[in-house]
Structure formats: C-alpha cells, structure tokens
Amino acid sequence: MEHSETLTREGTVLVACRIEDLPPGESVRIDAADGTQAVAVFNADGELYAIDDTCTHQDASLADGWLEGCTVECPLHAACFDLRTGMPNGPPAKRPVRTHRVTVEDGFVRVHVAVPVQAF
Amino acid sequence: MRSVAVVGASLAGLTAARALRAQGYDGGITLIGDERQAPYDRPPLSKDFLLSRTSAEDLALTTEDDQSLGIDWRLATAATALDTAGRRITLSDGGEVRADGVVIATGARARTLPGAGGMSGVHTLRTLDDALALRESLCAGGPLVIVGAGFIGSEVASAALAAGVGVTVVEALPVPLAGPLGAEMGAACAGLHADHGIPVLCGSPVRELLGGARVEGVRLEDGTVLPAAAVLVGMGSVPNTEWLAGSGLDLRGGVRTDSRGATGLPHVVAVGDCAASYRPDAARHVRTEHWTDALRQPETAVRTLLAGPDTAPGTASAGGGSVRGLLPYFWSEQYGVRIQFAGARRDGDSVRIDSGDPEDRCFLAVYERDGRPTAVLGMDQPKQFTWWRRQLAAQWAAVAT
Ligand SMILES: Cc1cc2nc3c(=O)[nH]c(=O)nc-3n(C[C@H](O)[C@H](O)[C@H](O)COP(=O)(O)OP(=O)(O)OC[C@H]3O[C@@H](n4cnc5c(N)ncnc54)[C@H](O)[C@@H]3O)c2cc1C
Ligand code: FES
C-alpha cells in the first residue's frame, strides 16, 4: 500500500521514505508541503524511479497506479508511462511526465527533483 | 494482406489502425468514419466538456505520431454495406473500398425516446455535436429533465447542478444502476443525487413528452407531469450494425465475435462498442461498452486478423491481449466523486464492504460468489481499487487460460 507523507526539502532533494517502506512493487506519493507538484516514487523489482505524480491526461495520482515492469498504468484511464523516460506509451495521455533521479542515502530514499522537460 | 479497411473512426477504430502498424503490418489502411471530426474522446462529453472545462481540442485522440501511420482517411463518409465475402465496402458517397481485411468499429448510438422525433430541446448524448447542443440548452437554463439514471444521465445531472440548472432525474427501474452494480450498490451510487438535492423519481417510465415544436414537459406513467425546458434521454445505446445487414454476420446484440475478435466471416474482425464478444467467464456474448475495452480489444483483434482465419481459436492469440486488458473496467465521475468498477458481477453475488462506508460515498465494495471475488466497486478509493483490480485480473487470467 502507498504511504502519503509530508516531505522535507533539501534544496531540490526530497526525502521520500525509508527504503524498507518501499518494497518491490510498491509506490509512495510525496505530497509537496509547499503545494508544488507531487512526486511518485516506485520500486520496480528493486529499481527505484520517481516521476511527477499527476497524470498528464487528467487529475489522477500515478502513485495509485498499476506497476508492471518499468511501466505504471494510470489508475483512471489506463495511460501507461515508462518510469525511465516518463513517456506515455499510448492514449489518452499525450504528454510525458517529468522523471526525477532517485538515490538511497543512509537508508532514506531521496528524489532529486528535475527541471521541467519541454512538453511537446 | 495488402489492404485493411477500418470502419468507424473513433477510439476503437483509431486504436486498431495503430495496432496494425505496431504489429508490423505495412499495407494500406483506409479509415472510414461518418462523423466529420477527427477521432475524439467521448467520456468528457458528459463531464468537464459540458461545463466548458475541457475544449474540443483537448478531446482529440490523434497525436502527431499518428501522421506516420499512413492512414487514408475517409471522414464524413458512412459505410453502407459490406458484401458477403467481406471484401468490399460500399460508401455513402457512392464510392467503394476494397480490402483484404476489415475491422468493424462502428460503435453505438444513443437510444432515443419514441415520439421525441423533431421536438427541439430533446437531447441525447453520444457525439460532440450532441454535447454542444446540450451545453447550449444548459446555458439557456432549466428545468432539465433527465430520462434514465444510468451513468451518462447521472453525470449530466451533476454537470447541470454545477451549471446552476434545476434538474430532475426519472428512472423507469425501481433502483438506478441495478443492472451494472446490483440493487444495493446502485442505490449507494444514486444516493449521490439525493446528497446534492437532485430528485430522482424511480419506478415510473415516461409516458410522453409534452409540447409542440419545443419540449415543455414530461408526463410519467403514474401521471406526474414535470415541466421541462430541456430533456436529456440517457436510455443506453444501440450498436451501429444496420449497415451490415445482408453481410452474413451474426448481428444479435452487436457484431458477434469470438473472444479474440473474429467474426463469422474470414478476414473480418469487430471491436469496441459495436462488438458483442464471447466472454468465457460468462459463457455468452457481451457488448461491454466500456472505453477501456474499446482501447484494449483492437490489439487482440488485429492479431487475429493478421494471423488469418486458419488459425485455431486460442493459438492466434499468442500473448492474446494483455491480462489487464481482459478484465472489464469502467469509471464514472459525478459530483466530484470518482466511481470505478472492474470485473464481472452477476445477480446473486454478495457484496462485502471492504473499507470505508457507502454512506460516506467513500468506500470499496467487493462482489463475491462462492467465496471468490467477482468484481470490485470503488468510490474515491483509487489505490485500493487498483489493488483489487490487480487481484481480479490475475484470477481472470488464470480462468481464461
Ligand atoms: C457521453 C459519454 C460518456 C462516456 N463516459 C464513459 C466513462 O466515463 N467511462 C467509460 O468507461 N466509458 C464511457 N463512455 C463509453 C466510451 O466512450 C465508449 O465505450 C467508446 O467511445 C467506444 O468506442 P468505439 O470506437 O467502439 O465506438 P464509438 O466511440 O461509438 O465510435 C464509433 C464511430 O463509428 C462511426 N460510425 C458508425 N456507423 C458508421 C458507419 N456505417 N460508417 C462509418 N462510420 C460509422 C460513429 O459515428 C463513431 O464515430 C462514454 C460514452 C459517452 C457517449
Ligand atoms: S487521468 Fe491518467 S489516463 Fe486519464
């Protein structure tokens, strides 16, 4: 199950959760305390990925989505996003989500929030 | 196969064209659609679009990438017949298209109220033009009477409330949504109307529409008269299969197909809202009418088409569509509440509230039969719902193989 936590900011680094709180197949939504874009972090078979949490189609949280391999399926209308690139693989999403670098330091999952990629 | 005609240029048709290319087909694709607009998305038509929160451009289904599909577009052109060999399609403009393979994706249209013909102010909601006309009626003010408390009727009631239009919903059945959700959960969903002060009159069908050139009211079988400046008829849909009369296809309840989209004619497959596909779980043909099915079925049906008719059922579908694609799923949005349903409920299934409380309009309900889950309904519970949907899909896949 997903945990929704208030994040702490370290410059552009967000501390998501402890690594043991994000086992394979799970996701966590980081609701930004200052109202900026929420981020979703996924553990895809041991590999950690972070993307913007809000689907680019409509208003759904991708942390609530269906994780399969390196892909998350939006819980609402089934658009699939590649966690590595943020690219949607089909309708109804037409735009990518931002991806963010994830590191684990001292047992904490950290998200290095990226600058926005240009939407096409 | 050197040429494929896809008939119906909406979600299922466009998705089929994309699937053809994705599966390596490099012959000609002709996409025939009777609407003048390029493919657009219908679900927002009863939701944000009515409130002008979504524009017509936002509804577009095509993207830049689709230009590389090399589609020969025939919009504003209806297919009027398919010959019995399934090789020749006659068009409304007098022309014809010959093709080695045909994908039927002509969807469905809104069922109308008998006797409503020509009366202005009486709406159905299926197309962009329908939505524009309804939006205009909402702008002109109420009262609006909605005939049918199904999902589309309910969503329009919610939009009308948001637009400040007085609205009454009438439903012939004793309990709204009892068909898809069962009586108990149907009542829970219909409770959203009452929560927002929208009257729902159940159990009395419409006897007649009142008025002359313009509708002025609705009279129910029990004698109740409801004044109306506009009426929305939300009484379900009818598959667009008339053009296939005489083709030899089995058209009972939609274009009948096997579970992989194959029809009775070789090289002809059918997908989306027009198709009544065989569902092994239900042991019958079901026309699902869900957006997600229109999106998922083409992958399997196109595989079937490209594999050719000599392939035995079950073998043409190596990979036969993704597991999650097989499980029926739909959603609705009313009064800011997200309703999601997945699975195959049957009458007699028991309902267990897994979390939350239906009274709070925030809950997750699991339908069960013989101790096994058959379907799941969520109201504002996307994460839990997704988890259940995953369980059901795995179970579904195990049964399907
Ligand atoms: C208002 C509305 C709201 C909806 N909301 C939801 C929702 O919230 N959730 C959900 O799961 N589903 C929803 N749906 C259902 C969903 O939109 C449909 O399942 C989906 O559109 C089906 O796609 P399709 O391509 O099979 O058929 P359609 O979208 O019906 O497209 C068929 C196309 O074929 C054309 N056509 C018909 N006959 C011919 C012919 N002879 N020649 C050429 N072209 C022809 C039609 O004009 C149409 O353009 C909604 C539908 C409507 C109308
Ligand atoms: S909100 Fe994600 S696909 Fe529609």
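Strand β6 (residues 47-52) of chain A and strand β10 (residues 99-105) of chain A are joined by two bridges and run antiparallel; helices (H or I, at least four residues) and strands (E, at least two) are DSSP runs, numbered from the N terminus. Two strands are taken to pair if DSSP finds at least two bridges between them. In general, strands of a sheet pair through backbone hydrogen bonds, in either a parallel or an antiparallel manner. Within this pair, H100(A) of β10(A) stands opposite A50(A). The structure is a predicted model, in which local features need pLDDT of at least 70 and side-chain atom pairs count only at pLDDT 80 or more, whereas totals for chains, interfaces and linings use all residues; side-chain values use heavy atoms, with hydrogens and water left out. Residues are numbered from 1 along each chain as its sequence is written, and chains are lettered from A and ligands numbered from 1 in the order in which they are written.

Strand β6(A) also has a partner in strand β5 (residues 39-44) of chain A, to which six bridges join it in the antiparallel sense. Here L48(A) in β6(A) stands opposite N43(A). The two strands form a hairpin with two residues between them, and D45(A) in the turn has a positive phi of about 50°. Five of the six residues of β6(A) are buried, and the strand is thus mostly covered; buried means under 20% relative accessible area, exposed over 50%, and partly exposed in between (1.4 Å probe, protein chains only).

In chain B, five strands form an open sheet with parallel pairing, in the order β9-β16-β10-β11-β12. Two bridges link β9(B) in the parallel sense to strand β16 (residues 230-233) of chain B, where L232(B) is the bridge partner of H123(B).

Ligand 1 is surrounded by 34 residues, of which D34(B), E35(B), R42(B), K47(B) and R126(B) are the closest; a residue belongs near a molecule if one of its heavy atoms lies within 4 Å of it. Domain 1 (3-109 + 238-323) and domain 2 (112-235) of chain B both contribute to this shell, so the ligand lies between them; the domain bounds come from an automatic or database domain assignment. The shell comprises 16 nonpolar, ten polar and eight charged residues, where Ala, Val, Leu, Ile, Met, Phe, Trp, Tyr, Cys and Pro count as nonpolar, Asp, Glu, Lys and Arg as charged, and the others, Gly among them, as polar. A polar side-chain atom of S10(B) lies 2.8 Å from an oxygen atom of ligand 1, and a backbone N or O atom of A79(B) lies 2.9 Å from a nitrogen atom of the ligand. Taken alone, ligand 1 exposes 990 Å², of which the protein buries 94%; accessible areas come from the Shrake-Rupley method with a 1.4 Å probe, and for residues only the protein chains shown count as cover.

The peptide bond from G142(B) to P143(B) is cis, with omega near 0°, and P143(B) lies in the loop between α2 (128-139) and β10 (144-147) of chain B. Phi of D370(B) has a positive value near 50°, and this residue, at 76% relative accessibility, counts as exposed.

How values were computed: A polar contact is a pair of N or O atoms within 3.5 Å; within protein, one must be able to donate a hydrogen and the other to accept it, and residues adjacent in sequence count only if both atoms are side-chain atoms.
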